[in-house]
Amino acid sequence: MVAYLDYNATTPIRPEVIELIGRVLREGGNPSSQHACGRNARKYIEDAREQVANLVNYKSENVIFTSGATEGNNMVLQGHEGPIAVTDFEHPSVWNVIDGDIKIKVRPNGLIDLEDLDDVINLKNPKLISVMAVNNETGVIQPIAQIGRLCREKGILFHVDAVQAAGKIEIDFERWHCDFLSLSGHKCGAPQGVGALIFRSKTPVPKLIKGGGQERRQRAGTENTASIAGFGLAAHMAKTELSEFKRLGAFRDQIERTIEKVTGVMIHGAGTPRVYSTSCFSVPNTDAQTLMMQFDIEGICLSSGSACSSGVLKPSHVLKSMGVDDQMASSALRISMGWNTTQSDVDAFLSAWQNIKP
């Protein structure tokens with residue numbers, strides 16, 4: 001048996017979503033067609049738009065479906081001229097787009113340095129600020145509403161990468177003072193290759209893909225109807241099951257109590273607000289790639305950091321932004337759990353941990 005503990009990389013598709021996708025694929029129809037099959041396909045998309053809007057507590061007419069958060073992030077960041085400020089812990093789909101722009105410092109606990117943010121705003125005059133709501137490696141939750149309020153007061157556009165927040169914490173587009181918010185379906189039980197960009201009313205949306213008039217003329221190309229329908233259902237389930245997500249906190253705490261018994265283990269973001277599902281830790285004098293391979297042999301699927309950086313043998317830029325030295329940043333493992341995680345998965349990890357004896 002394999003214990004899957006890499007939900008932050010991709011979450012297993014929910015069975016209900018698979019069933020819905022199969023039904024939509026069998027029915028077919030182009031959602032831009034005016035006949036019955038086309039209208040039926042369009043209804044699937046509009047129902048999903050309502051469900052995604054409900055997930056973020058905003059209006060459905062302000063939801064654009066994309067291929068994922070990487071596309072949504074690029075739409076916003078590539079489409080805006082002028083200085084853009086981001087934190088040092090952002091995802092590569094943000095970090096690599098704004099190379100050379102303004103960086104906001106991070107505190108050792110993984111939270112954005114609000115004093116540095118204030119200095120950046122007053123001294124560098126950014127036109128757009130982009131912040132990840134929940135870090136994909138550490139699970140640390142940022143004070144998004146506070147950051148958004150400051151941006152609104154200063155007349156700065158605010159973009160939130162909320163990929164790792166969906167289904168884990170309450171997302172409130174209005175209360176967060178967002179202008180743009182990116183989501184990715186495969187992080188909450190939908191298939192890979194579908195996502196959404198939510199935008200504030202009367203805020204111009206940059207166009208990355210031009211062509212036809214799909215998605216309110218903001219994102220050309222025939223919509224992926226089946227995946228969008230699946231994303232909508234996954235978003236609905238993530239929203240309704242949010243209170244049940246807390247059960248994963250007991251699993252995380254059980255794991256961390258065990259690994260802390262090894263001398264020198266560092267749990268990144270401990271004592272800071274984190275999502276219940278994620279634990280990122282470093283084991284001194286070890287190599288993360290070697291440990292991950294050993295766990296893989298034991299049937300444990302986990303990560304050495306961001307999946308988008310897997311195979312790149314260099315210290316995590318997220319941990320280095322928190323002041324972690326190269327050795328510890330290179331020995332970090334990430335456990336991430338989700339809707340289908342059980343006590344058996346946790347027990348399998350703990351058994352493998354004893355066998356490997358870091």
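The model is a predicted one, so local features need pLDDT of at least 70 and side-chain atom pairs count only at pLDDT 80 or more, while totals for chains, interfaces and linings use all residues. Residues are numbered from 1 along each chain as its sequence is written, and side-chain values use heavy atoms, with hydrogens and water left out.

R14 sits in the loop between β1 (3–4) and α1 (15–27); helices (H or I, at least four residues) and strands (E, at least two) are DSSP runs, numbered from the N terminus. Setting aside neighbours within four places in sequence, R14 touches C188, G189, M237, E241 and W339, where contact means heavy atoms within 4.5 Å. R14 and N340 are 326 residues apart in sequence, yet their C-alpha atoms are 8.7 Å apart in space.

Next comes an open sheet of 3 strands, ordered β9-β10-β12 with antiparallel pairing; two strands pair if DSSP finds at least two bridges between them. Its edge strands, β9 (266–267) and β12 (332–336), each pair on one side only. β9 is joined to β10 (residues 278–282) by 2 bridges, with I267 standing opposite F281. On the β12 side, 5 bridges link up with β10, and C280 has R334 as its bridge partner.

How many residues of β10 are buried? The count is 5 of the 5, so the strand is largely enclosed by the rest of the structure. T278, C280 and S282 point one way from β10, and S279 and F281 point the other way. Helix α9 (residues 248–259) lies across β9, β10 and β12, running at about 10° to β10 (axes are lines fitted to C-alpha atoms, for helices over the stretch in contact, and angles run from 0 to 180 degrees between N-to-C directions).

On a 1 Å grid over the protein atoms alone, a cavity is a set of points where a 1.4 Å probe fits but cannot get out, and lining residues have an atom within 4 Å of a point. The largest cavity has a volume of about 30 Å³, a volume being the space filled by probe spheres set on the points. Its lining consists of L55, G167, I169, E170, I171, A238, K239 and L242.

Conventions
On a 1 Å grid over the protein atoms alone, a cavity is a set of points where a 1.4 Å probe fits but cannot get out, and a pocket is an open set with protein on both sides within 12 Å along at least five of seven lines; lining residues have an atom within 4 Å of a point. Buried means under 20% relative accessible area, exposed over 50%, partly exposed in between (1.4 Å probe, protein chains only).
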